[in-house]
Amino acid sequence: MAKTKKTKKQKRKPRFGDEFFKATSWLTTKGEARNFFADLFTKKEIMGITRRWQAIMMLENEKTYAEIERRTHLSSATIARIAKQIRKGKKGYKLIMKRIE
């Protein structure tokens, strides 16, 4: 079966989440982000996300898993997954960490 080439006129099929990520790219202030995410997620979901972000910052500052667990209440398995993503992921964490330094 022959593969068909896409012409310039043919648009690629949108990837899952494209609209969401495009919407977040328009947020320009902390207040806008806070309001957007408060409308979108429950308080519990926001707490989970912020705990993960806290773990990222602590890992970058070479804190121990035990200290991260104690301060964030995340499991060591979750912290290990986050650490793996920092090392082998798409480098999104690193990009943002550089921008906020």
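Q: What does the secondary structure of the chain come to?
A: Six helices and zero strands. Helices (H or I, at least four residues) and strands (E, at least two) are DSSP runs, numbered from the N terminus. Read along the sequence, the pattern is α-α-α-α-α-α.

Q: Is the chain compact or spread out?
A: The chain is more spread out than a compact globule, because its radius of gyration is 18 Å, well over the 13 Å that the globule rule gives for 101 residues. That radius is taken over C-alpha atoms, and the rule is 2.2 Å times the number of residues to the power 0.38.

Q: What does the C-alpha trace span along its principal axes?
A: About 55 × 35 × 25 Å.

Q: Where does this model come from, and how are residues numbered?
A: This is a predicted model, with residues numbered from 1 along each chain as its sequence is written. Local features need pLDDT of at least 70, side-chain atom pairs count only at pLDDT 80 or more, totals for chains, interfaces and linings use all residues, and side-chain values use heavy atoms, with hydrogens and water left out.

Q: What is the average pLDDT?
A: The chain averages 90, and 90% of the residues score at least 70. pLDDT is the predictor's confidence in each residue, from 0 to 100.

Q: Which helix has the lowest confidence, and which the highest?
A: Helix 6 is lowest, at a mean of 87. Helix 4 is highest, at 98.

Q: New topic. How many salt bridges does the structure hold?
A: Two. A salt bridge here is a side-chain nitrogen of Lys or Arg within 4 Å of a carboxyl oxygen of Asp or Glu.

Q: Why can side chains pair like that?
A: Side chains of opposite charge can pair when their charged atoms come close.

Q: Which side chain does E60 meet in a salt bridge?
A: The side chain of K94, at 3.4 Å, N to O. E60 lies in helix 3 (residues 43–60) and K94 in helix 6, so the pair ties together parts that are 34 residues apart in sequence.

Q: What about R52? Where does it lie?
A: R52 lies in helix 3. It counts as partly exposed, at 40% relative accessibility.

Q: Which residues is R52 in contact with?
A: Leaving aside neighbours within four places in sequence, R52 is in contact with L74, T78 and I82. Contact means heavy atoms within 4.5 Å.

Q: How far apart are R52 and I79?
A: They are 27 residues apart in sequence and 7.9 Å apart in space, C-alpha to C-alpha.

Q: Which residues have a positive phi without being glycine?
A: E62 is one, with a phi of about 60°. H73 is another, with phi near 65°.

Q: Where are those two found?
A: E62 is in the loop between helix 3 and helix 4. H73 lies in the loop between helix 4 and helix 5. E62 counts as exposed, at 73% relative accessibility. H73 is exposed as well, at 62%.

Q: Now the surface. Which residues make a nonpolar patch?
A: L95, I96 and I100 make one of about 250 Å². Patches are made of residues with over 30% relative accessible area and no salt bridge; like charges are joined within 9 Å, nonpolar side chains (Val, Leu, Ile, Met, Phe, Trp, Tyr) within 5 Å. I96 lies in helix 6 (residues 92–100). I96 is partly exposed, with a relative accessible area of 34%.

Q: What share of the residues is buried?
A: Buried residues make up 15% of the 101 residues in the chain.

Conventions. Areas by Shrake-Rupley, 256 points an atom, 1.4 Å probe, with all protein chains shown as cover. Buried < 20%, exposed > 50% of the residue type's maximum accessible area, 1.4 Å probe, protein only.
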